[in-house]
Amino acid sequence: MQTGGTNTVKPALDRKVFVPTFILVVAISAALVLAPRLMGPLVDAALIAVTGYFGWLYLLAGAASVAGLLWLAFGRYGRVKLGAAEEEMEFSTPSWVAMMFTAGIGIGITNWAFVEPIYHLHSPPWGLQPGSPLAAEWAHVYAQFHWSMIPWAIYALMSIPIAYALYVRREGLCRISSSSRGLLGRRSDGWLGTAIDVLVILGIIGGTSTSLGLGLPLVSGLVSECLGVPDTPLLRAMVLIIWTAIFGTSVYLGLNRGIRVLADFNAVLALIALVFVFIAGPSMFILNISTNSIGLMFDNLFRMSFWMDPVSSSGFPEDWTIFYWAWWIAYAPFVGLFVARISRGRTIRQVLLGQVIWGSLGCMAFFAVWGGYAIELDMSGSVDVAGLLETSGIPAAVVAVVGSLPGGTLTMFVFTVLCVIFLATTLDSAAYVLASISTKDLGGNADPARWNRFAWAFALAILSVGLITAGGVEAVQTSTIVAALPLIPVLIILQWSLFKWLQEDYGEALRPTSYAIEHGEDGSREVRRL
C-alpha cells in the first residue's frame, strides 16, 4: 500500500482486471446475439425476482444514503480536505459541477424529462384516476423525485471513500477495491478486490452501452426530422460514427483539454434549451405546477421514499421507484470514481453537498420545465404525447414535443446537438473511468494511457451496435438492474472502510475547523489544521 510520497511507478495495464472483464463482456454479448429468445426470458425472470424479493432493500438503501450523507457532511469529518493542506481545487466550481452533472445524468434528461411525467399521468400512483388533474400534479412531482435527492446522495456517498483513498491515503489505484482497503486490508489486492473491480466494470459497461442503445434511436429520430430523410439503419450508423468520434476524441484528449471542455459546452447549451422551453412554453403553468410540486414533494417525501404498495400491489413502486433506485446504485461506482477523480482540493462537505444540491436542482429544473410543458401539451390535446408513447415509443414522442416548439428546424437542430453532447459527456467519462480501473499504479494526479481510454470508447460503441442489432438493449438494461443488488454490500464496505480510515487518521482530534493530512518524505502522516 502506498501511504505517502509521489507515485513514481509507471502506470501499466492490469491484466487480471482487464482480461476477465473482456471475456465476460464478449460471452454476454455473444449469448444475446446468438440466443436472444433464450436470454430474454431469463433476464426478465431475474428482474422480477430481484424487484419482487428485494425491492424493500433498494428503498432502504436509498433512504440510508441520505441519512449517511447528512451525518458525514455535517459531522466532525465534514471539513476534512481531500488533498494536501496546500492543494487548491483542481477544477473551478462551474466546471466541476458541469462535469459531475453531465457524467451522472447524460442523455437521461433529454430522453425522460418530456415523457416520464406523461407515463405517470396516465398510470398514476396512489390509485388516482388516470388523466385527472390530481394525477397531473403527482406526475409532475414524482418525475422530479425520481431524479433528485436520493439518486445524488447514492452517487455522492460512493465518491467520498474513493477520493479519500486517492488524495489523503495516497493509494496508487483509482478503483473501488483500493478504496475498500480500510476494511479489507490486504484482501483488496487479492481475488476479492479483483472480483469487486470486475463487477464494477461490468456494471459500467452495461449501463453506458444501454444508454447509448437507448439514446441512438432518439438522436436518429431528431436528425431524420431535421433533414427530412427516413430514419434508416444507415442513418443510425452515421450518427453512431459521429458520436463515437466526438466522445472518443474527448476522452483521448483527457480531463482538462477534452472532457472538461465538452462538459462546459454541454452545460451552457442545456441551460439555453431549458430557458427557451420555459419562455416559449406555458410559463405561468410551469411556475404554478412547479411551486405546487415543491410542496407535494416535501410534504410526502417519507411516504414516497418508503412506499411499497403491499396491499393493492399496483406495480408502480416496482416499475418506477425501485427500478430507479437499482439503476442509480448500478451507476454509482462509475459516477463515484469519476467525481472522486475531479474533486481533489475540496472538503468532504463540499463534495457531498455540491453533488446533492447542484445535481438535484439541475434535474428538478429540467423535469419541472420540460415535464410541465409536456403535461400541458397532452392535457390540452395539442400533442397526443401518451398516444405516441404507446404506439411509436419514446423517440417519436420526444420528436413531437420538440417539434411543437417555435423555431422549427433550428430548434430541432439545437436539441439534436444537445442530445449528442449529453451522451458524449457521459460516455467519455465512462471510458476514462474504465481505463483507470484497468490500469495499475495509477495515482490521483495521473491519467490512464490514451490508447487505453480510446480503446474503451471504441469498445462501448461496438458493443452498443451489437446490442442494437440483436435487439438486446432491454436485456442488458435489465441485467444492469440485477447487478445492482451485489453492489449494495460494496457501498457498505466503502463507507465502513472510510470510517475506519477517518478514525485512524484523525481520531478525536477534530474540532469545528478544517484539517488535512500532511505527508512527510518518509511516508509518515500528520494532521494539520488549515
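This report walks through a few local features of the predicted model shown above, from its nonpolar core to a helix pair and some individual residues.

Residues are numbered from 1 along each chain as its sequence is written, and side-chain values use heavy atoms, with hydrogens and water left out. Because the model is predicted, local features need pLDDT of at least 70 and side-chain atom pairs count only at pLDDT 80 or more, while totals for chains, interfaces and linings use all residues.

**The core and Trp 243**

Let's start inside. A nonpolar core here is a set of buried Ala, Val, Leu, Ile, Met, Phe, Trp, Tyr and Cys residues joined through side-chain atoms within 4.5 Å. The largest such core has 167 residues, and Tyr 58, Trp 243 and Trp 370 have the most contacts inside it. Helix H14, residues 316-341, gives the most to this core, with 18 residues. Helices are DSSP runs (H or I, at least four residues), numbered from the N terminus.

What does Trp 243 touch beyond residues up to four places away in sequence? Its partners include Ile 107, Leu 212, Val 219, Cys 419 and Leu 423, where contact means heavy atoms within 4.5 Å.

Val 219 also belongs to the surroundings of Thr 416, which is in contact with Val 219, Leu 222, Val 223 and Cys 226 when neighbours within four places in sequence are left aside. Thr 416 lies in helix H18, residues 408-437. Thr 416 and Thr 110 are 306 residues apart in sequence, yet 9.7 Å apart in space, C-alpha to C-alpha.

**Two packed helices**

Two packed helices are described by the angle between their axes and the distance between the axes. For helix H7 (residues 149-167) and H15, the axes come within 9 Å and cross at roughly 150°. Axes are lines fitted to C-alpha atoms, for helices over the stretch in contact, with angles from 0 to 180 degrees between N-to-C directions. H7 and H15 are therefore roughly antiparallel to each other, a label for angles over 145 degrees. On the H7 side, the residues that meet H15 include Met 149, Trp 152 and Ile 160; on the H15 side, Ile 348, Gln 355 and Cys 363 are among them.

**Polar pairs and burial**

Arg 344 is found in the loop between H14 and helix H15 (348-380). A polar contact (a pair of N or O atoms within 3.5 Å; within protein, one must be able to donate a hydrogen and the other to accept it, and residues adjacent in sequence count only if both atoms are side-chain atoms) of 3.3 Å joins the side chains of Arg 344 and Glu 87.

His 120 sits in helix H5, residues 116-122. Its side chain has a polar contact of 2.9 Å with that of Glu 116. Leaving aside neighbours within four places in sequence, His 120 is in contact with residues including Tyr 142, His 146 and Trp 320.

Buried means under 20% relative accessible area, exposed over 50%, and partly exposed in between (1.4 Å probe, protein chains only).

| Residue | Relative accessible area | Class |
|---|---|---|
| Thr 416 | 8% | buried |
| Arg 344 | 14% | buried |
| His 120 | 0% | buried |
| Asp 309 | 9% | buried |
| Ser 313 | 54% | exposed |

**Positive phi in one loop**

Most residues other than glycine have a negative phi. Asp 309 has a positive phi of about 50° although it is not a glycine, and Ser 313, also not a glycine, has a positive phi of about 55°. Asp 309 lies in the loop between helix H13 (301-306) and H14, and Ser 313 is placed in the loop between H13 and H14 too.

Key. Helix = DSSP H or I, 4+ residues; strand = E, 2+ residues; numbered from the N terminus. Parallel < 35°, antiparallel > 145°, perpendicular 65-115°, else oblique.
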